[in-house]
Amino acid sequence: MTKTDSRRVALITGASQGLGLSIAREYAQQQLGLILTARSSDALERAGDQLSRVTDVLALPGDVADDRHLEHLVALGLERFGRIDILINNASELGPSPMPELADLRIAQFERILRVNVVAPLRLIQLVLPEMHARKSGLIVNVTSDAGVQAYPTWGGYGASKAGLEHLSRVLAAEMEGSGVRVYVVDPGDMDTAMHRAAEPGVDLSHLPTPDRIAPAFVSLLDEPAEFGRFEAQQLLGVSV
């Protein structure tokens, strides 16, 4: 893909496995250009190699908690593609496993959760917005959780971060009104993922849907006309998963 190519380009965090990788696969089938990042360099390289057989891919390993990585990622993406149309803030930090009650959650651990789940998404938003504003078009999707609205014991650190991300998204949407930039939060629901297994070690999650069943919901958002929405995957898919 060249800078003059009119195909849309998506930046996806946490793209080496789970939901992020499944969304990347769905977007590749839609012939979107992909900018992918994740902490695991080996897994991300495998994902990039696989997806590059279908579409144009830039895969850069790194930690979203590192501002320098985010700045480098966006700069390289714009240099490669000339545009970033879609930002999927999917990377999340669960915290320690098993998850402790708030009374026992170390402040350093909580700061790490907030850094990955709230601060990093905002920083990426700040980095991609100028180009979106210039085109008067863009889509920002922040992946949330029902832990951000329900009070589940031991989920306090993670849940508080998702609640913060959701309200940040609401304010951003109000600020973007009329700009052509759409902002959504999406709750994918319970899934059989490595993160969920870490959250509930020893619990059988085989009855839950896998990320590949949820990822098509993110395709429907590409042309969703609403200015803002908090969506659940089932709502977007129109079926029970």
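Me: A salt bridge is a side-chain nitrogen of Lys or Arg within 4 Å of a carboxyl oxygen of Asp or Glu. In this predicted model, what makes the contact of Arg-112 and Asp-63 a salt bridge?

Reply: The N to O distance between the side chains of Arg-112 and Asp-63 is 2.9 Å. The cut-off is 4 Å, so the pair counts as a salt bridge. Arg-112 belongs to helix α4 and Asp-63 to the loop between β3 (57-59) and α3 (67-81), 49 residues apart.

Me: Why is Arg-112 called partly exposed?

Reply: Its relative accessible area is 24%. Buried means under 20% and exposed over 50%, so Arg-112 falls in between.

Me: What makes the pair of Glu-93 and Arg-39 a salt bridge?

Reply: Their side chains meet at 3.6 Å, N to O, and the limit is 4 Å, so the pair qualifies. Glu-93 lies in the loop between β4 (86-89) and α4, and Arg-39 in the loop between β2 (33-37) and α2 (41-51), so the pair ties together parts 54 residues apart in sequence.

Me: Which residues are linked in a network of salt bridges?

Reply: The network links Arg-39, Asp-63, Glu-93 and Arg-112.

Me: Why is Asp-223 called exposed?

Reply: Asp-223 has 60% relative accessibility, and exposed means over 50%, so the label applies. The side chain of Asp-223 meets that of Arg-8 in a salt bridge.

Conventions:
Residues are numbered from 1 along each chain as its sequence is written. This is a predicted model: local features need pLDDT of at least 70, side-chain atom pairs count only at pLDDT 80 or more; totals for chains, interfaces and linings use all residues. Side-chain values use heavy atoms; hydrogens and water are left out. Buried means under 20% relative accessible area, exposed over 50%, partly exposed in between (1.4 Å probe, protein chains only). Helices (H or I, at least four residues) and strands (E, at least two) are DSSP runs, numbered from the N terminus.
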